[in-house]
Amino acid sequence: MCFFDKLKHWLIDPPNVLVRDTARQDPRAVLVAINDYAMAPLRGCLRDRQRYGAILIKPRYEPLGFNDTNIRILENADATRENIAGALRWMQETVGPKFYGFSGHGTQWPCLEEPNGYLEVTCPF
């Protein structure tokens, strides 16, 4: 099952931990996409971000409450460590469904606390 199929499944049948009372919810999403890395540019990350957004605001997922006003988008040079951290703080300020989507480079960092000895991390611009 590809990532987008898993995302669709999660949105159709969200986990029970979500607050279902839409009157009290303020769902928020942060979508990050980086194609323009200096050393190893990518293609397709901006398209991934568009797909994330399109899935989140589809009418069939309206009960979760995502729309253009509660989704923050960071692309390429705007997707710095500081901007991503600020967007994640904004996302955590309220109660309701949360979604973080990242499309870009990732790497592994040595970490003795992880079962495989590595922590997977994303690479900001």
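Me: Which residues does Arg-49 touch, if we're not counting residues up to four places away in sequence?
Reply: Arg-49 touches Leu-31, Ala-33, Ile-73 and Glu-75, where a touch means heavy atoms within 4.5 Å. This is a predicted model, with local features needing pLDDT of at least 70 and side-chain atom pairs pLDDT 80 or more, while totals for chains, interfaces and linings use all residues. Numbering runs from 1 along each chain as its sequence is written, and side-chain values use heavy atoms, without hydrogens or water.

Me: Where does Arg-49 sit, and is it buried or exposed?
Reply: Arg-49 is in helix H2. Helices (H or I, at least four residues) and strands (E, at least two) are DSSP runs numbered from the N terminus. Arg-49 counts as buried because its relative accessible area is 14%; the cut-offs are under 20% for buried and over 50% for exposed, with partly exposed in between (1.4 Å probe, protein chains only).

Me: What does the side chain of Arg-49 make a polar contact with?
Reply: The side chain of Glu-75, at 2.9 Å. A polar contact is an N or O pair within 3.5 Å; within protein, one atom must be able to donate a hydrogen and the other to accept it, and sequence-adjacent residues count only if both atoms are side-chain atoms.

Me: Switching to the sheet. What's the strand order?
Reply: S2-S1-S3, an open sheet of three strands with parallel pairing. Pairing takes at least two DSSP bridges. S2 (71–75) and S3 (98–103) are the edge strands, each pairing on one side only.

Me: How many bridges hold S1 to S3, and how many to S2?
Reply: Six between S1 (residues 28–33) and S3, and five between S1 and S2. On the S3 side, Val-30 stands opposite Tyr-100 and Leu-31 has Gly-101 as its bridge partner. On the S2 side, Val-32 is opposite Leu-74.

Me: Why is S1 called largely enclosed?
Reply: Because six of its six residues are buried. Both faces of S1 are covered: Arg-28, Val-30 and Val-32 are buried on one side, with Ala-29, Leu-31 and Ala-33 buried on the other.

Me: OK, and Ile-34, where's that?
Reply: In the loop between S1 and H2. Ile-34 is buried too, at 0% relative accessible area.

Me: What does Ile-34 touch, again not counting residues up to four places away in sequence?
Reply: Its contacts include Leu-42, Cys-45, Ala-79, Phe-102, Cys-123 and Phe-125.

Me: Which residues make up the largest nonpolar core?
Reply: Eleven in all: Val-30, Val-32, Ile-34, Tyr-37, Leu-74, Ala-79, Ile-84, Ala-87, Trp-90, Met-91 and Phe-102. A core here is a set of buried Ala, Val, Leu, Ile, Met, Phe, Trp, Tyr and Cys residues joined through side-chain atoms within 4.5 Å.

Me: Which elements give two or more residues to that core?
Reply: S1 and H3. H3 gives the most, with four residues.

Me: What lies apart from that core?
Reply: Another core of eight residues, among them Leu-31, Tyr-52, Phe-66 and Phe-99.
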